[in-house]
Amino acid sequence: MLMFIRKYINYTGGEKVMFKRVAAIGLSLLFVLGSTACGKKQEEVVVYTAVDQVFADEIFAMFEEETGIKVRAVYDTEANKTTGLTNRIIAESERTVCDVFWNNEFIQTIDLEKKGMLQPYVSSEANTIPDYYKAENGTWTAIGGRARVFLVNTDLLTEQEYPDSIYDFVNGKYEGKELAIAYPMFGTTRTMAAAIYAQLGEEKAREYFQTMADNGVCVVDGNSVTKDMAASGQVAIGFTDTDDAKEAISDGAPVVMVFPDQQDDGMGTLMTPATAAIIKDAPNQENAKAFVDFILSEKVERKLVEMGFFDICCRDDISDNGIKGMDLNLEDIYDYLEIASKDMETIFSKAQ
(Lines give C-alpha, C1' and ligand atoms only; values in the text may rest on other atoms or scores of the structure.)
Protein backbone atom coordinates (compact mmCIF):
# COMPACT_ATOMS: atom_id res chain seq x y z
CA MET A 1 0.00 0.00 0.00
CA LEU A 2 2.83 2.46 0.87
CA MET A 3 4.50 1.66 -2.46
CA PHE A 4 1.24 2.51 -4.22
CA ILE A 5 1.08 5.84 -2.38
CA ARG A 6 4.68 6.75 -3.28
CA LYS A 7 4.13 5.90 -6.94
CA TYR A 8 0.95 7.96 -7.03
CA ILE A 9 2.73 10.94 -5.44
CA ASN A 10 5.59 10.74 -7.96
CA TYR A 11 3.13 10.62 -10.82
CA THR A 12 1.28 13.72 -9.62
CA GLY A 13 4.34 15.77 -8.75
CA GLY A 14 4.31 14.98 -5.05
CA GLU A 15 1.84 17.73 -4.04
CA LYS A 16 1.07 17.71 -0.34
CA VAL A 17 -2.67 17.88 -0.99
CA MET A 18 -2.50 14.84 -3.18
CA PHE A 19 -0.44 13.05 -0.55
CA LYS A 20 -3.16 13.66 2.03
CA ARG A 21 -5.86 12.42 -0.34
CA VAL A 22 -3.94 9.32 -1.31
CA ALA A 23 -2.98 8.63 2.29
CA ALA A 24 -6.64 8.87 3.25
CA ILE A 25 -7.59 6.50 0.44
CA GLY A 26 -4.87 4.10 1.53
CA LEU A 27 -5.96 4.13 5.14
CA SER A 28 -9.57 3.57 4.08
CA LEU A 29 -8.56 0.61 1.95
CA LEU A 30 -6.56 -0.86 4.80
CA PHE A 31 -9.55 -0.46 7.11
CA VAL A 32 -11.90 -2.10 4.61
CA LEU A 33 -9.51 -4.97 3.99
CA GLY A 34 -8.97 -5.44 7.71
CA SER A 35 -12.67 -5.36 8.41
CA THR A 36 -13.33 -7.87 5.65
CA ALA A 37 -10.66 -10.19 6.97
CA CYS A 38 -12.07 -9.97 10.50
CA GLY A 39 -15.58 -10.53 9.20
CA LYS A 40 -14.49 -13.59 7.27
CA LYS A 41 -12.85 -15.05 10.33
CA GLN A 42 -16.04 -14.58 12.35
CA GLU A 43 -18.20 -16.14 9.64
CA GLU A 44 -16.88 -19.67 9.96
CA VAL A 45 -17.53 -22.77 12.01
CA VAL A 46 -15.12 -25.62 12.75
CA VAL A 47 -16.84 -28.99 12.55
CA TYR A 48 -15.26 -32.30 13.53
CA THR A 49 -17.25 -35.09 11.93
CA ALA A 50 -17.27 -38.88 11.77
CA VAL A 51 -19.91 -38.76 9.02
CA ASP A 52 -18.66 -40.14 5.70
CA GLN A 53 -17.14 -37.28 3.74
CA VAL A 54 -19.12 -38.00 0.58
CA PHE A 55 -22.31 -37.19 2.54
CA ALA A 56 -20.93 -34.52 4.86
CA ASP A 57 -19.50 -32.38 2.06
CA GLU A 58 -22.90 -32.02 0.39
CA ILE A 59 -24.53 -30.99 3.67
CA PHE A 60 -21.72 -28.51 4.36
CA ALA A 61 -22.24 -26.97 0.93
CA MET A 62 -25.97 -26.60 1.62
CA PHE A 63 -25.23 -24.89 4.95
CA GLU A 64 -22.70 -22.49 3.42
CA GLU A 65 -25.10 -21.52 0.64
CA GLU A 66 -27.97 -20.94 3.06
CA THR A 67 -26.07 -19.05 5.78
CA GLY A 68 -22.89 -17.67 4.20
CA ILE A 69 -20.91 -19.28 7.04
CA LYS A 70 -17.82 -21.20 5.93
CA VAL A 71 -17.40 -24.72 7.29
CA ARG A 72 -13.90 -25.80 8.23
CA ALA A 73 -14.26 -29.57 8.42
CA VAL A 74 -12.04 -32.12 10.13
CA TYR A 75 -12.84 -35.74 9.28
CA ASP A 76 -12.00 -38.93 11.09
CA THR A 77 -9.79 -41.58 9.53
CA GLU A 78 -10.77 -45.15 8.76
CA ALA A 79 -8.10 -46.37 11.15
CA ASN A 80 -9.17 -44.30 14.16
CA LYS A 81 -12.91 -44.12 13.52
CA THR A 82 -14.79 -41.84 15.92
CA THR A 83 -12.34 -42.43 18.77
CA GLY A 84 -9.66 -40.37 17.04
CA LEU A 85 -11.87 -37.29 16.92
CA THR A 86 -13.04 -37.61 20.52
CA ASN A 87 -9.44 -37.98 21.69
CA ARG A 88 -8.50 -34.89 19.69
CA ILE A 89 -11.31 -32.87 21.29
CA ILE A 90 -10.14 -33.95 24.73
CA ALA A 91 -6.51 -33.13 23.91
CA GLU A 92 -7.53 -29.63 22.79
CA SER A 93 -9.58 -28.90 25.90
CA GLU A 94 -7.14 -26.27 27.19
CA ARG A 95 -7.43 -24.39 23.91
CA THR A 96 -10.60 -25.39 22.12
CA VAL A 97 -10.48 -25.53 18.33
CA CYS A 98 -13.63 -27.48 17.45
CA ASP A 99 -17.00 -25.72 17.50
CA VAL A 100 -19.32 -28.62 16.69
CA PHE A 101 -18.91 -32.40 16.88
CA TRP A 102 -21.16 -34.05 14.29
CA ASN A 103 -20.85 -37.73 15.12
CA ASN A 104 -22.20 -40.79 13.30
CA GLU A 105 -23.15 -42.52 16.58
CA PHE A 106 -23.97 -41.61 20.18
CA ILE A 107 -21.74 -43.58 22.56
CA GLN A 108 -18.61 -41.46 22.06
CA THR A 109 -20.69 -38.26 22.17
CA ILE A 110 -22.14 -39.21 25.55
CA ASP A 111 -18.64 -40.10 26.69
CA LEU A 112 -17.58 -36.52 25.92
CA GLU A 113 -20.58 -35.27 27.88
CA LYS A 114 -19.55 -37.34 30.90
CA LYS A 115 -16.07 -35.80 30.68
CA GLY A 116 -17.57 -32.28 30.73
CA MET A 117 -16.49 -31.48 27.16
CA LEU A 118 -19.87 -30.40 25.77
CA GLN A 119 -21.78 -27.15 26.08
CA PRO A 120 -25.57 -27.11 26.54
CA TYR A 121 -27.61 -25.78 23.66
CA VAL A 122 -31.28 -26.55 23.08
CA SER A 123 -32.18 -25.93 19.46
CA SER A 124 -35.71 -25.00 18.47
CA GLU A 125 -35.26 -27.43 15.55
CA ALA A 126 -35.21 -30.29 18.07
CA ASN A 127 -38.81 -29.71 19.19
CA THR A 128 -40.10 -32.52 16.96
CA ILE A 129 -37.36 -34.99 17.96
CA PRO A 130 -38.40 -37.50 20.67
CA ASP A 131 -37.03 -36.72 24.12
CA TYR A 132 -35.21 -40.05 24.36
CA TYR A 133 -32.95 -38.88 21.51
CA LYS A 134 -31.89 -35.77 23.44
CA ALA A 135 -29.62 -35.19 26.43
CA GLU A 136 -31.52 -34.14 29.54
CA ASN A 137 -28.97 -31.36 30.10
CA GLY A 138 -29.17 -30.17 26.48
CA THR A 139 -25.58 -31.03 25.57
CA TRP A 140 -26.36 -33.18 22.52
CA THR A 141 -29.21 -34.14 20.22
CA ALA A 142 -29.56 -37.19 17.97
CA ILE A 143 -31.05 -37.48 14.49
CA GLY A 144 -31.55 -40.21 11.92
CA GLY A 145 -29.35 -43.25 11.80
CA ARG A 146 -29.34 -47.01 11.40
CA ALA A 147 -31.57 -49.61 13.01
CA ARG A 148 -31.15 -53.20 14.11
CA VAL A 149 -32.95 -55.63 11.82
CA PHE A 150 -33.36 -59.30 11.01
CA LEU A 151 -31.91 -60.20 7.62
CA VAL A 152 -33.94 -63.23 6.56
CA ASN A 153 -32.93 -65.70 3.84
CA THR A 154 -36.06 -66.27 1.75
CA ASP A 155 -34.76 -69.59 0.40
CA LEU A 156 -34.76 -70.99 3.93
CA LEU A 157 -37.84 -69.37 5.47
CA THR A 158 -41.32 -68.67 4.11
CA GLU A 159 -43.00 -65.36 4.81
CA GLN A 160 -45.13 -67.02 7.50
CA GLU A 161 -41.92 -68.11 9.22
CA TYR A 162 -40.31 -64.67 9.38
CA PRO A 163 -39.34 -63.53 12.89
CA ASP A 164 -41.36 -60.84 14.67
CA SER A 165 -39.33 -60.23 17.80
CA ILE A 166 -35.90 -60.58 19.36
CA TYR A 167 -37.56 -63.21 21.56
CA ASP A 168 -37.73 -65.48 18.53
CA PHE A 169 -34.03 -66.09 19.11
CA VAL A 170 -34.81 -67.72 22.46
CA ASN A 171 -38.37 -69.10 22.41
CA GLY A 172 -37.64 -72.21 20.35
CA LYS A 173 -39.37 -70.91 17.21
CA TYR A 174 -36.36 -71.70 15.04
CA GLU A 175 -35.11 -74.90 16.64
CA GLY A 176 -32.76 -76.59 14.17
CA LYS A 177 -32.32 -73.45 12.04
CA GLU A 178 -29.13 -71.41 12.34
CA LEU A 179 -29.19 -67.85 13.65
CA ALA A 180 -26.23 -65.42 13.64
CA ILE A 181 -25.17 -62.26 15.44
CA ALA A 182 -21.89 -60.38 15.67
CA TYR A 183 -19.93 -60.65 18.92
CA PRO A 184 -21.98 -58.55 21.37
CA MET A 185 -18.86 -57.20 23.04
CA PHE A 186 -18.13 -54.85 20.13
CA GLY A 187 -19.68 -52.24 17.85
CA THR A 188 -23.42 -51.81 17.39
CA THR A 189 -24.13 -55.34 18.67
CA ARG A 190 -22.55 -54.26 21.97
CA THR A 191 -24.82 -51.21 21.91
CA MET A 192 -27.77 -53.51 21.21
CA ALA A 193 -26.88 -55.66 24.23
CA ALA A 194 -26.74 -52.57 26.47
CA ALA A 195 -30.12 -51.44 25.09
CA ILE A 196 -31.70 -54.80 25.94
CA TYR A 197 -30.27 -54.50 29.46
CA ALA A 198 -31.76 -51.02 29.76
CA GLN A 199 -35.10 -52.29 28.45
CA LEU A 200 -35.41 -55.54 30.43
CA GLY A 201 -33.23 -54.97 33.48
CA GLU A 202 -30.05 -56.87 34.32
CA GLU A 203 -31.55 -60.18 35.44
CA LYS A 204 -33.94 -60.68 32.53
CA ALA A 205 -31.41 -59.43 29.98
CA ARG A 206 -28.70 -61.76 31.29
CA GLU A 207 -31.17 -64.65 31.10
CA TYR A 208 -32.09 -63.68 27.55
CA PHE A 209 -28.52 -63.76 26.28
CA GLN A 210 -27.67 -66.90 28.21
CA THR A 211 -30.61 -68.69 26.58
CA MET A 212 -29.49 -67.40 23.18
CA ALA A 213 -26.02 -68.85 23.77
CA ASP A 214 -27.46 -72.14 25.07
CA ASN A 215 -29.58 -72.43 21.91
CA GLY A 216 -26.42 -72.38 19.83
CA VAL A 217 -26.66 -69.00 18.14
CA CYS A 218 -23.77 -68.51 15.73
CA VAL A 219 -21.56 -65.65 16.98
CA VAL A 220 -19.32 -64.15 14.28
CA ASP A 221 -16.79 -61.37 13.65
CA GLY A 222 -18.91 -58.37 12.79
CA ASN A 223 -22.18 -57.31 11.18
CA SER A 224 -20.82 -57.69 7.67
CA VAL A 225 -20.06 -61.38 8.34
CA THR A 226 -23.55 -61.82 9.76
CA LYS A 227 -24.92 -60.25 6.59
CA ASP A 228 -22.83 -62.51 4.34
CA MET A 229 -23.92 -65.65 6.18
CA ALA A 230 -27.60 -64.80 5.85
CA ALA A 231 -27.18 -63.80 2.21
CA SER A 232 -25.37 -67.04 1.32
CA GLY A 233 -27.79 -69.27 3.22
CA GLN A 234 -25.30 -70.35 5.87
CA VAL A 235 -27.89 -69.15 8.39
CA ALA A 236 -31.59 -68.48 8.08
CA ILE A 237 -31.50 -65.19 9.99
CA GLY A 238 -28.81 -62.65 10.73
CA PHE A 239 -29.29 -59.94 13.35
CA THR A 240 -27.50 -56.93 11.88
CA ASP A 241 -27.80 -53.22 10.95
CA THR A 242 -29.89 -51.68 8.19
CA ASP A 243 -26.84 -50.52 6.21
CA ASP A 244 -25.49 -54.08 5.93
CA ALA A 245 -28.94 -55.47 5.21
CA LYS A 246 -29.52 -52.93 2.44
CA GLU A 247 -26.19 -53.85 0.90
CA ALA A 248 -27.18 -57.53 0.71
CA ILE A 249 -30.52 -56.63 -0.86
CA SER A 250 -28.79 -54.32 -3.35
CA ASP A 251 -26.43 -57.15 -4.29
CA GLY A 252 -29.43 -59.28 -5.24
CA ALA A 253 -29.17 -61.81 -2.43
CA PRO A 254 -32.34 -63.80 -1.60
CA VAL A 255 -33.02 -61.88 1.59
CA VAL A 256 -35.54 -59.51 3.13
CA MET A 257 -35.16 -57.02 5.96
CA VAL A 258 -37.52 -57.35 8.93
CA PHE A 259 -37.74 -54.80 11.74
CA PRO A 260 -38.23 -56.56 15.08
CA ASP A 261 -40.83 -55.84 17.76
CA GLN A 262 -42.99 -53.48 15.72
CA GLN A 263 -46.26 -54.62 17.29
CA ASP A 264 -48.31 -52.15 19.31
CA ASP A 265 -47.04 -53.73 22.50
CA GLY A 266 -43.56 -54.45 21.13
CA MET A 267 -40.43 -52.82 22.53
CA GLY A 268 -39.39 -51.48 19.13
CA THR A 269 -36.01 -51.81 17.47
CA LEU A 270 -32.74 -50.19 18.48
CA MET A 271 -31.91 -47.11 16.49
CA THR A 272 -28.27 -46.01 16.36
CA PRO A 273 -28.46 -42.31 15.53
CA ALA A 274 -25.99 -39.63 14.62
CA THR A 275 -25.50 -36.80 17.13
CA ALA A 276 -24.67 -33.10 17.09
CA ALA A 277 -23.10 -31.20 19.98
CA ILE A 278 -21.37 -27.88 20.63
CA ILE A 279 -17.97 -28.19 22.28
CA LYS A 280 -17.42 -26.38 25.57
CA ASP A 281 -15.80 -22.95 25.04
CA ALA A 282 -16.27 -23.21 21.27
CA PRO A 283 -14.54 -20.23 19.58
CA ASN A 284 -17.44 -19.49 17.20
CA GLN A 285 -20.47 -19.74 19.47
CA GLU A 286 -23.19 -18.20 17.32
CA ASN A 287 -22.07 -19.95 14.16
CA ALA A 288 -21.93 -23.23 16.07
CA LYS A 289 -25.56 -22.75 17.11
CA ALA A 290 -26.52 -21.94 13.52
CA PHE A 291 -24.86 -25.15 12.30
CA VAL A 292 -26.52 -27.29 14.97
CA ASP A 293 -29.90 -25.74 14.07
CA PHE A 294 -29.28 -26.60 10.44
CA ILE A 295 -28.17 -30.20 11.08
CA LEU A 296 -31.10 -30.89 13.40
CA SER A 297 -33.69 -29.53 10.98
CA GLU A 298 -36.16 -32.01 9.54
CA LYS A 299 -35.25 -31.06 5.98
CA VAL A 300 -31.60 -32.02 6.54
CA GLU A 301 -32.48 -35.25 8.33
CA ARG A 302 -34.74 -36.31 5.47
CA LYS A 303 -32.10 -35.20 2.96
CA LEU A 304 -29.63 -37.56 4.62
CA VAL A 305 -32.20 -40.35 4.41
CA GLU A 306 -32.67 -39.54 0.72
CA MET A 307 -28.90 -39.59 0.18
CA GLY A 308 -28.66 -43.01 1.79
CA PHE A 309 -26.58 -42.05 4.82
CA PHE A 310 -29.48 -42.43 7.24
CA ASP A 311 -31.72 -45.45 6.95
CA ILE A 312 -34.48 -44.07 9.13
CA CYS A 313 -35.72 -40.71 10.39
CA CYS A 314 -35.95 -40.37 14.17
CA ARG A 315 -39.01 -38.14 13.83
CA ASP A 316 -41.03 -40.97 12.27
CA ASP A 317 -43.21 -43.29 14.32
CA ILE A 318 -44.81 -46.58 13.32
CA SER A 319 -48.13 -44.71 12.91
CA ASP A 320 -46.48 -42.69 10.13
CA ASN A 321 -45.35 -45.83 8.29
CA GLY A 322 -41.97 -45.28 9.85
CA ILE A 323 -40.03 -47.47 12.23
CA LYS A 324 -40.87 -47.93 15.89
CA GLY A 325 -37.74 -47.38 17.96
CA MET A 326 -37.05 -48.47 21.52
CA ASP A 327 -38.47 -45.97 24.00
CA LEU A 328 -35.16 -45.50 25.79
CA ASN A 329 -33.07 -42.46 26.52
CA LEU A 330 -29.71 -43.04 24.87
CA GLU A 331 -27.97 -42.21 28.14
CA ASP A 332 -29.73 -45.18 29.75
CA ILE A 333 -28.14 -47.40 27.11
CA TYR A 334 -24.74 -45.82 27.75
CA ASP A 335 -25.08 -46.49 31.48
CA TYR A 336 -25.46 -50.24 30.84
CA LEU A 337 -22.53 -50.59 28.45
CA GLU A 338 -19.94 -51.73 30.98
CA ILE A 339 -22.01 -54.32 32.80
CA ALA A 340 -23.55 -55.66 29.58
CA SER A 341 -20.12 -55.99 27.96
CA LYS A 342 -18.74 -57.94 30.93
CA ASP A 343 -21.72 -60.31 30.84
CA MET A 344 -21.42 -60.79 27.08
CA GLU A 345 -17.75 -61.69 27.48
CA THR A 346 -18.62 -64.28 30.11
CA ILE A 347 -21.64 -65.76 28.34
CA PHE A 348 -20.33 -65.95 24.79
CA SER A 349 -16.73 -66.89 25.55
CA LYS A 350 -18.11 -70.02 27.23
CA ALA A 351 -20.44 -70.66 24.31
CA GLN A 352 -17.64 -70.82 21.73
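Reader: Which residue's backbone nitrogen lies 3.4 Å from a polar atom of the side chain of D311?
Author: It is the backbone nitrogen of D243. A polar contact is a pair of N or O atoms within 3.5 Å; within protein, one must be able to donate a hydrogen and the other to accept it, and residues adjacent in sequence count only if both atoms are side-chain atoms. The model is predicted: local features need pLDDT of at least 70 and side-chain atom pairs count only at pLDDT 80 or more, while totals for chains, interfaces and linings use all residues. Residues are numbered from 1 along each chain as its sequence is written, and side-chain values use heavy atoms, with hydrogens and water left out.

Reader: What joins the side chains of D311 and T242?
Author: A polar contact of 2.5 Å.

Reader: Why is D311 called buried?
Author: Buried means under 20% relative accessible area, exposed over 50%, and partly exposed in between (1.4 Å probe, protein chains only). D311 has 16%, so the term applies. D311 sits in the loop between α11 (298–307) and α12 (330–335); helices (H or I, at least four residues) and strands (E, at least two) are DSSP runs, numbered from the N terminus. Contact means heavy atoms within 4.5 Å, and D311 touches G145, R146, T242, D243 and K246, leaving aside residues up to four places away in sequence.

Reader: Is K134 buried or exposed, and how do you know?
Author: Its relative accessible area is 17%, so K134 is buried. The loop that holds K134 runs between β4 (118–119) and β5 (141–153). The side chain of K134 reaches the backbone oxygen of I129 at 3.1 Å. Residues up to four places away in sequence aside, K134 touches A126, I129, W140, T141 and N329.

Reader: What makes strand β8 (residues 237–241) mostly covered?
Author: Five of its five residues are buried.

Reader: How do you know that β5 and β8 pair?
Author: Two strands pair if DSSP finds at least two bridges between them. β5 and β8 have five bridges, in the antiparallel sense, and L151 stands opposite G238 in β8. Strand β6 (residues 179–182) and β8 are joined by three bridges and run parallel. There A180 has G238 in β8 as its bridge partner.

Reader: How do you know that the length of helix α7 (residues 202–214) agrees with expectation?
Author: The expected span of a helix is 1.5 Å times one less than its number of residues. For the 13 residues of α7 that gives 18 Å, and the end C-alpha atoms are 18 Å apart, so the two agree. After α7 comes G216, whose phi is positive, near 85°.

Reader: What makes a set of residues a nonpolar core?
Author: The members are buried Ala, Val, Leu, Ile, Met, Phe, Trp, Tyr and Cys residues joined through side-chain atoms within 4.5 Å. The largest such core has 96 residues, of which W102, F169, F209, F291 and F348 touch the most other members. Helix α6 (residues 187–200) gives the most to this core, with eight residues. F209 touches M192, A193, I196, Y197, M344, I347 and F348, not counting residues up to four places away in sequence. A second, separate core has twelve residues, including V220, A231, A248 and A253.
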